[in-house]
Amino acid sequence: MIIGCGKVMNTMSVNIALICVVLAICPLVSHAGIYSCYSGTIPGCTCTAAWNLADFNYKVVVSCTGAVGSATDFGDNLKIRTKGYQFDDFIISAYPNTRLPDSPFDTSTSIKRIIIKDSPKLEGFGPKGKPDAGLFKNLGPSLETLVLSNNPAIRMDEWETIAKQLKGAADPDPKPDPDAFADGDAVLKTLAIHKSPEFDDLDTIKDLAPTLQTLVLRATGFTNFNYDLAAYAALNVLDLSENPALKKFVLKAKPAKLSSIFINGGGLDVLTVATLTELVKADFVDLGKNKLNCECSNLPADFINEDNEKKFLGSTCAAPAAVNNAKFGSTCINANFLLFGKSSRVYAKQQ
């Protein structure tokens, strides 16, 4: 009886194991038709579906170059060939036209990341002034990352339209919880705008604020960054580097999750005491290549300490001359105050 019982248990184990294997394979089989490259050809585009050693992940990538043809033909081909497929990356480079296609993706198309780069003729993302149509229509629920790099001709009036296209159904009340978004709304996590000198107003993309975790605004047209970031509740990284015309940066209240701030290569001189008080709440702040003024009167009380020297790593003083090239946060100088009728200087250094 004991032996017979053992045989029954072994048989049951084998059956259970087979069931588990089948259940594990079924999702892969069911997705094989959509998580792969499209059938047919999109002029100017190539598609690869393979294991990617750089990301240690299976990726499907579509890459299109300047041979894509007219915007209309390009859009028609995209809608036909990408219908029902899932893509990790969709990359457009050296785009030959001034405007991108009008609604080129089907509702069943899923794209995680779009990269549009090195397209000097590109001015806009679909029909002018129509937030209900354009390149990003139907991609709101799937699109997590949008990178726009070195497209200097994109018009400033396009950005608000982009945000509305991505957001989908209009809703005047921001939803701080991404899970509370309605079908069709964007849940964009990363937005990178690089080498777009026309872009200089954060309010134009405010519809995307609640879900953004990384916001990169490098080499743009900002001269003054003074915004209430309360709506950016999920923001973890803010990058304003390579903006030499940026003369003023004001941080009224740091979002709780914002831990890394990059403003390398700006035109900053003096940051307000209120802004520095908020900046020290971050984990890392890069103010390198700004000509920072390190007079003690410009800094919060007790600012000079070892923690801040590490936090502002790479940032140095440019003025007054006596502390030129000193590490920001390591020292400051009380310049030209009167002591018994004479001008004097006192240095404050970390203990």
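Reader: What is the relative accessible area of Cys-296?
Author: Heads-up: residues are numbered from 1 along each chain as its sequence is written, and this is a predicted model, where local features need pLDDT of at least 70, side-chain atom pairs count only at pLDDT 80 or more, and totals for chains, interfaces and linings use all residues. Side-chain values use heavy atoms, with hydrogens and water left out. As for the terms, buried means under 20% relative accessible area, exposed over 50% and partly exposed in between (1.4 Å probe, protein chains only). Cys-296 counts as buried, because its relative accessible area is 13%.

Reader: Which cysteine does a disulfide join to Cys-296?
Author: A disulfide here is a pair of cysteine sulfur atoms within 2.5 Å. With an S to S distance of 2.1 Å, the disulfide joins Cys-296 to Cys-332.

Reader: How many residues apart in sequence are the parts that Cys-296 and Cys-332 tie together?
Author: Helices (H or I, at least four residues) and strands (E, at least two) are DSSP runs, numbered from the N terminus. Cys-296 sits in the loop between β13 (292-293) and α5 (306-311), and Cys-332 in strand β15 (residues 331-339), so the pair ties together parts whose separation in sequence is 36 residues.

Reader: Is the link of Cys-37 and Cys-47 left-handed or right-handed?
Author: These two cysteines are joined with S to S 2.2 Å. Cys-37 lies in the loop between α1 (2-31) and β1, while Cys-47 is in strand β1, so parts 10 residues apart in sequence get tied together. The angle about the S-S bond is -90°, and the link is left-handed.

Reader: Is Cys-37 buried, partly exposed or exposed?
Author: For contrast, Cys-64 is buried, with a relative accessible area of 0%. Cys-37 has 24% relative accessibility, so it counts as partly exposed.

Reader: Within what arc do the buried residues of α2 fall?
Author: In helix α2 (residues 71-81), the buried residues are Phe-74, Gly-75 and Leu-78. They line one face of the helix, because, seen down the axis of α2, they fall within an arc of 95°. That arc is taken from the directions from the helix axis to the C-beta atoms. On the other side Thr-72 and Ile-80 are exposed, whereas the buried residues keep within 95°.

Reader: Which strands do the buried residues of α2 pack against?
Author: Packing is about contact, meaning heavy atoms within 4.5 Å. For the buried residues of α2, the partners are β1 (45-52), β2 (57-64) and β3 (86-93).

Reader: Which strands stand at the edges of the sheet?
Author: Two strands pair if DSSP finds at least two bridges between them. The open sheet has 10 strands with mixed pairing, in the order β1-β2-β3-β4-β5-β6-β7-β9-β11-β12. An edge strand has a single partner, so one side is left without a neighbour in the sheet, and that goes for β1 and β12 (284-286).

Reader: Which residue in β6 stands opposite Ser-149?
Author: Strand β5 (residues 145-149) runs parallel to β6, and 5 bridges join them. Opposite Ser-149 stands His-194.

Reader: How many aromatic pairs does the structure hold?
Author: Rings of Phe, Tyr and Trp (its six-membered ring) pair if their centres lie within 6.5 Å; planes under 30 degrees apart count as stacked, over 60 as edge-to-face and the rest as tilted. Counted this way, the number of aromatic pairs is 17.

Reader: At what angle are the planes of the Trp-159 and Phe-199 rings?
Author: Both residues are buried, and they belong to one aromatic cluster, along with Phe-125, Phe-136, Phe-222, Phe-225, Tyr-227 and Phe-249. Their ring centres are 4.9 Å apart, and the pair is edge-to-face because the planes are at 75°.

Reader: What is the relative accessible area of Thr-275?
Author: Thr-275 lies in helix α4 (residues 273-279). Leaving aside neighbours within four places in sequence, Thr-275 is in contact with Phe-249, Val-250 and Leu-251. Thr-275 is buried, and its relative accessible area is 0%.
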